[in-house]
Structures are given as C-alpha cells and as structure tokens.
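The stops below go one selection at a time.

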Amino acid sequence: MKRVPIVNRANMSLKKRLWGNKHKPTTEIAIDLNHFEMAGSRLKFGLDPTHKGAVMQEIFEKLRNITNDKTLNPAQKARYLSLEAENMLPYPDLDSETAEALQQRVICDMYEGHAPYKPRYVLPDYSIVLKNGSEYLELSAPETLDEAINTLMIAYHHVPSVTGIPVFIGQLDDLLLPYCEGVSDDDLYRKIKLFWRYLDRVLPDAFMHANIGPTDNRVARTILRVDAELKQIAPNLTFRYDPEISTEQILAIATNNIVECSKPHIANHPIHAKLFDERGYGIVSCYNVLPVAGGASTLTRVNLKEVALRADNIEHFFAEVLPHYMELNFRLTEARVDYLFNKSNFFTSFLIDEGWMDRDRFTVMYGIYAMAEAVNILQEKDGRTGLYGFDDVANEIGYRMSKEMAKIVENRPLENVWRGRAMLHSQAGISIDEGVTPGVRIPYGTEPDPVSHVLALAPHHQYYSSGISEILTVDETIKNNPEAMLQLCKGALESGFREFTANVASNDLVRVTGYMVRLSDIAKFKECKGSRTNTTALASEAADVTGILDRKPRVVGNELSAGYGQ
Amino acid sequence: MNSLLATVNKILTYSVVDGPGNRLVIFLQGCNFNCSTCHNPYTVGVCDHCGDCIPACHVDALAMVDGRVVFDPTACDQCDACLHICPISASPMVQQVSVADILDIARKNRPFLSGITVSGGEATLQLKFVIALFKAVKDDPALNGLTCFVDTNGHLGAQSWERLLTVTDGVMLDIKAFDPATHHALTGQDNAKTLKAAKIVRDAGKLYELRFLAIPGKTDTEREVAKLTDFALSLGSDVRVRLNAFQHHGVRGDALEWPKMTETGVNKIAEHLRKAGISEVITPALYL
C-alpha cells in the first residue's frame, strides 16, 4: 500500500509556524513529519539533515509551549503531551484515496489520534464489579450503599476513553437501588449529593454521562433533586422514558428539571431498547447510544457539505459522490479498528478478564454532519431556493440522505465490530467546525418554533441508531408553565424523536453543541474575575470567549478539542 | 356546523403563555374594547374593505376583487405595512376558518398539545363559532383530552356565559382596571360586565386565572391594587392572579409615551396580594 502523508492538525500548525501561511508545505515534508519515531530518549528521523534541525526545533518548541503553558494544569499538560507524542507516530495504513479525503476533511477521524490504543467510548458493565468486586483492584463486593458508591468512584478511574475521563458512569438507579434498603430518604439525599459533588470536581468533563430510568424509583428521584439543586456541568444526565413503565410524575420531575437547569435529556427508551440485547444500552457522552459491556471503538464522520460541493447535482450526489466518500470513511474506520484490535493490545485489560466488558461488544459509530449545508448546496445546484428545515422539498432531500446513508451502513460488513455493522450517528460537532451545522440539525439561530422544529426533523430519527439529537431552544416564559415542557417532550418522543433535549433561554446552565456550560462563568471570565468552576465552552462560538480570556476551563468537554492550541 | 366560519388573525401550534401546557391558540379577529395598551392592536378592527392597504403592499399580495380586499398569502413577505396603514386597526391578512380546519390542525399536532385556547381580539365576539369548536373537540375521540380555554376581557352577558361555560374548561379573564373611569379611559367600555363575569366564571369553577395589567400611574396605584386585592379575595383566596406588566412591544399611539412597568413595581403588587392571602400570584418571566 502506498504511503501517503496524513497531516494532523498538530503538524499543520507546526508547519504554519515553520513556513508561514504564505508558503504551503510540500508533500515531501509532510511525509517526513510523519516518520518520527520515539526510540528511548532519542528521536530517529526519516529526514534529511537540513530539515532535521528545523523540525526538531519546532517540535521542542511545541512541547515546551505545552509544558510551560500558564493556563493548563499539570494533568491537562500531560494529556496534551501524550496527544503530541501519539501523533508523531505514522497514521495507520490508508490507501491514497482515503488519505486524501481525510486530509481534505471530507471525512474526519475526530482527531482521535494516530495510534488508537483505547476505544473512543467504553461502557463498562458496572454491575459486575458491584457483584463480584475486583481481583485486579483488590476490592471485595460492596455490601452497603457507601461501599457501592465508593466502589464506583474507584472503578471510574480505570475506565479508558478518548479523553481519559469515563463517558459512562452507569445506569445509576439500577446499580444503587439494591443497596438502598434501610437507607432513609435523608441519608440517600446526602450521599447522592456528596457523590455528585465528587463527580463534578474530580472528573470534570461535561461528556461524563449518568443514566437513570425508566422506572420511577427513589434513586432516580433523588438524583433529579440533587441535579436541579447543584446545577453542575458534570455529570451529564439522561432519563430513559418508557410510557409503559415510567410514571407521569417522574417524567414531570425530569422535565421540570429541564426548565430549571436544561438537564436531563429524555431518551426514548422503547426505541433504543429494542435495538440492543439484555445487557442493554447506555446513553453516553453527547447522546451516543451504545451497548453496555462494550462501547464504540471509534467515531469517524462524513462532512456532507464537502460531499455536496463535489457533486454536480442531486442525482450525481446520490448515485456516485455520497457512496464514494462513505466507502472511504468505512476504510478509515477499518484502519483504526484494525490498529485497536490487532496492534494496540488494549483487549488484554483486566476489564475484559473480569467481565466488565466484552471484546465483541464494541461497535463503531458512523457519523455524519452538515446536512443542512449539503441540502442547501444541492438545492442551489438544482436551481431551487427552499431552505433546509423550512422547505418541504429541501426537507425531503434530507430524509432521502438519511435513508440512503442508513442503507449503505446496513449493507457494509465490518470486522471486529459488534454485529458486523457500523451504527449511523448524527454527529454534534467539535470546536473547530466552522460554517457547518451539527448532524442533521437546522442551523443555530434560524430554527422555527419547537413544534415545527420537531416535526421537520422527526423523520430522520429512525435512521440514527447510535444517536441523534436536536436542541430545542425554548424561551423563558416557559418557567411559568413547566407543564408545557412536559407536553413538548411527550410530543417529540411520540413523533419518533429518539432523544428530547431542550435549553431554556435564560438558564445559567445551557447547552452548546451538546454539553453544558455555565453562562455566569463566561460572564465572570469576561470581567476577568475568574471563577471557581472555570467552566466554559470549547464549541466554536464559545471558543472565542475562552481565547479572549486566555485560560482553560476546569470543567471542559475534552472530546471537542482537536489537540493542543486548537 | 361546517358552514360556520370564524375570522381568524392567526393560529399558533406552539404557545406556552396562553394557559396550562403547550396550546393551540386561535386569535380571533375583532374586539369590543379599544385598549390604548393593546399589544396586538391589529386584531381589534374588522376589515371594511376600504382598500387603503392595497397600495401599501410592495409585493402585490393584496387586490380588490368584487369590492372586497383579497389576500394572497404566498406572495406576502410579512412586512406588515398593511397593518400599519389600516385606519381601523384591522388586518387584510385574516383567514376565514372552519371548525373542521381547526380540528385538522389539532389532530396533526395532537401529541404536542395540552389544549386549545381561543384568544383575540375578543374571542367571545365570535361566540357561536367558539361554542361549536369546543363542542366538536369534546365530541372527537382523538381530541377530547384537550382542554378548551378562553382568553377574554369578560365583556359578555350572563346568558351567553352560561352557554359558553358548558363547553369550556377554563377561562383567563382580564381586568383592565377597577375604577370605572380609569377602565373607560383605557378601554372605551365599562367594566361592570367584566366584574360580573369573573364571579359567574368563578362560581362555575372555571376561572383558571384572573389577569391584571399593571400600568404605571394608572393601574399600579394604591387604590387600584387595594381594589384588586379585595376583588380577588371576594372570589376566594385560592384564585390564581397573573400580573402582567405594561410594555411597549406591539403598542401603538399615545401609550408609547407612558413608562413601562418595572419588575420592582410588579413585585410590590405581587407582595401586597400575597400578604393579603392570595396564594397563587404569577409575575412575568420576562420583561422586554
């Protein structure tokens, strides 16, 4: 297979500094830069001597910038250093077409790194460690609620993920209910509150996600109470709603919480549950729906806007261009999965040996985004003006895209993937995305009223088995009428939404592409006062804010970051 | 029933401010009050086909056909120039809508709806239609879970109330002022019928909320607030009172010179009501 350079973002900015923006780096240099190998303390290069010094200098400068950065804490520095090191390795083998598409970012690997040595998302079956304890961690099986919570707190530190912080902390009511007998309501409340405080302060990532429901139970109610009271960014929270199982009261509590703090998400449990087996599913990170005791090895994504730009017209798009780039994205996925499964030795972990997870239960997420832009481009190419989200013809093109992509994913076998097929995903964006709308969403700020919004997007939802989400922005008059939120939620789920998520415009806690930020923190940053939580956003709109303020938030969405300096 | 048509200014399938939950709201055209503080004054008049609006339309969405102003919604770009030029606070963009039309909309949006609210204008001016609509909703197995509400100024006789209340689940009743002179000055009408209506509706157990618009220097006076308090208490301390704050949004004419009602001012009135024993006092979530 021909070796073709993959320019990662780190090297891109490195080269920009080296040659300036006016002089594009040559392909040759790009190849050289990707042949670094760490060997003990010495760097070995595939470079000629004249380049070697300059490149070395640039690398050292980059690493020094990280080690000496005044806005990062040591753990954040360690993480960025490790990313830089990983990305000095050559990329897993790709054919030239795939590599080119990746370089042009028609397809994208979410900057997961050049050597996938851990799955992107891991969803341990925490019931195993609660039931059996852990030999590796020298833990006996917990017997009390305190011991159970403590066991989970320990377990979280051993769960790998793309960010190093667990994206799934479990179906908490199922896990903790067995230990609640004889525990008073007040005790339960105080213990959950401490647990919640620990999660936010020690595992500060807005993508860390807890699940509760569908039953109405003491633990779920207490979690909802504490979550509304503390209004923390972490953990993210999903209530799984099943009209046959959940009570109307607990759904009302959950939707009242949304009015209060824009959390939790409400998942359409029956739709998700039927796709999975008895070990179930978890909603993790930013609305990703994945098998428990497994997860997702990788998330790659197709930029539909870029695909549409390469098509002559709608028919050309569907007949040739879309299937072509989708195939390239499959190859990118395969290369990454191959590395993880066959080279990284990840699956020798005690998590496998002790049964927390299963090698066979890792799916891959097949992401797509920028549908709004793609549809509008295709409309224009066919001489029509109707806009995505508003115009029936435009919306139909969108539905056709979703249907077509689901079919392609369904027909493409993959090795070392749960059930042999990828799972389609409406991807909600990362901080560097510019001029593109997450997933199949309607461009931010132009959305119609929440009911029209739901009705325009509901037909897409059936196709996105590993997750799709729309953020409905509701104005603050709803605070006097929380019943309306309940009704909207029921309407959305009944219309086929897999997930109901809403932001109340005036809330302090609000959602940027899919995770929470605190507006008051951003305001404090603006006044240069700093704040205890240091929480703000890495999404494109908020990145400006963090840039101006020149410091990194304590609680962040690590997944959104494409690397140091991005 | 199907031949009955209402003159409708607007239909919304999403509203969280017109009764409990999310509601389908039908704004009926025409009002028997002429409030200087009205935030949608273009719903007050009923088009007399004078044609003054036709030259104002820059996209030719309006035309005179057989002596009547005809509106083409597909050409309209919603600039609202016709509303601003209308000499009688009417709208040439109204639609004639049947009960069946509204039932269709309600069915399509059913999962999102807690109920239907008729508003206006003054909804009770098209009483026959409102009664027919509510009756049809109650008779429809797919829709009878929806509550039927009226948002009204209450200017309606006792017998009409009786007919309306048999098919209505809740009423939001606006009291513009207690002092008869103030009320007349603000609305052009007396308030006797309105005050009587509040008792009739309350006695029927269907007063969802009493609404009161606080206007600085006019209805936020000690005297008005005292009367509001007494009146609310006479209905029962559990009557829900919603205080609205006069704002400039949508308002035309002299009232734009009046100061806006502040949050502090509204909270003072709310505090007074609560101290007097009114258990549920709602204040605005938003001040524009």
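A salt bridge here is a side-chain nitrogen of Lys or Arg within 4 Å of a carboxyl oxygen of Asp or Glu. Keep in mind that this is a predicted model.

**Stop 1: salt bridges**

Select A:Glu229 and A:Lys193. Their side chains form a salt bridge, with N to O at 2.8 Å. That is within the 4 Å cut-off, so the pair counts. Now colour by secondary structure. A:Glu229 belongs to helix α10 (residues 218-230) of chain A, and A:Lys193 to helix α9 (residues 185-202) of chain A. The two residues are 36 residues apart, and the pair links distant parts of the chain. A:Glu229 is partly exposed, at a relative accessible area of 39%. A:Lys193 is also partly exposed, at 29%.

Next, select A:Arg361 and A:Asp277. Here too the side chains meet in a salt bridge, 2.8 Å from N to O. Which parts of chain A does this pair tie together? A:Arg361 sits in the loop between α15 (350-353) and β12 (362-369), and A:Asp277 in the loop between α12 (269-273) and β9 (281-284), so the pair ties parts that are 84 residues apart in sequence. A:Arg361 has 5% relative accessibility and counts as buried. A:Asp277, at 25%, counts as partly exposed.

Move to chain B. Select B:Arg240 and B:Glu209, a salt bridge whose closest N and O atoms are 2.7 Å apart. B:Arg240 is in strand β10 (residues 240-245) of chain B, while B:Glu209 is in strand β9 (residues 207-214) of chain B. They lie 31 residues apart. Are these two buried or exposed? B:Arg240 counts as buried at 12% relative accessibility, and B:Glu209 counts as buried at 0%.

Now select A:Asp95, A:Glu97, A:Glu327, A:Arg331, A:Glu334 and A:Arg412. Salt bridges with shared partners join them into one network. Over all chains, the structure holds 40 salt bridges.

**Stop 2: the nonpolar cores**

Select A:Leu172, A:Trp196, A:Ile266, A:Met401, A:Met405 and A:Phe500. These have the most contacts inside the largest nonpolar core, which has 144 residues. Which helix gives the most to this core? Helix α14 (residues 314-342) of chain A does, with 14 residues.

Zoom in on A:Leu172. Beyond its neighbours within four places in sequence, A:Leu172 contacts residues including A:Leu152, A:Tyr156, A:Phe195 and A:Trp196. A:Ala210, A:Asn211, A:Val219 and A:Ile223 are also among its contacts.

For a second, separate core, select B:Leu156, B:Leu195, B:Ala232 and B:Val239. These are included in a core of 68 residues.

**Stop 3: a loop arginine and its surroundings**

Select A:Arg359. This residue lies in the loop between α15 and β12 of chain A. A:Arg359 is partly exposed, with a relative accessible area of 33%. Residues up to four places away in sequence aside, A:Arg359 touches A:Phe341, A:Asn342, A:Phe347, A:Ile352 and A:Asn416.

Step across to A:Asn416. Its phi is near 55°, a positive value in a residue other than glycine. A:Asn416 lies in the loop between α17 (392-410) and β13 (423-426) of chain A. It is partly exposed, at 28%.

**Stop 4: strands of chain B**

Select residues 5-12 of chain B, strand β1. Four bridges join this strand to β5 (residues 95-98) of chain B, and the two run antiparallel. Four bridges also join β1(B) to β2 (residues 23-28) of chain B, again antiparallel. Pick out B:Val8. Its bridge partner in β5(B) is B:Gln95, and in β2(B) B:Val8 stands opposite B:Leu28.

**Stop 5: backbone and cysteines**

Select A:Gly213 and A:Pro214. The peptide bond between them is cis, with omega near 5°. A:Pro214 is in the loop between β6 (209-212) and α10 of chain A. Then select B:Gly120 and B:Gly121, joined by a cis peptide bond with omega near 15°.

B:Cys35 counts as buried at 15% relative accessibility.

Technical notes: Residues numbered from 1 in each chain as written. Chains lettered and ligands numbered in written order. Predicted model: local features only at pLDDT ≥ 70, side-chain atom pairs only at ≥ 80, totals over all residues. Heavy atoms only, no water. Buried < 20%, exposed > 50% of the residue type's maximum accessible area, 1.4 Å probe, protein only. Core = buried A, V, L, I, M, F, W, Y, C linked by side-chain atoms within 4.5 Å. Contact = heavy atoms within 4.5 Å. Pairing = 2+ DSSP bridges.
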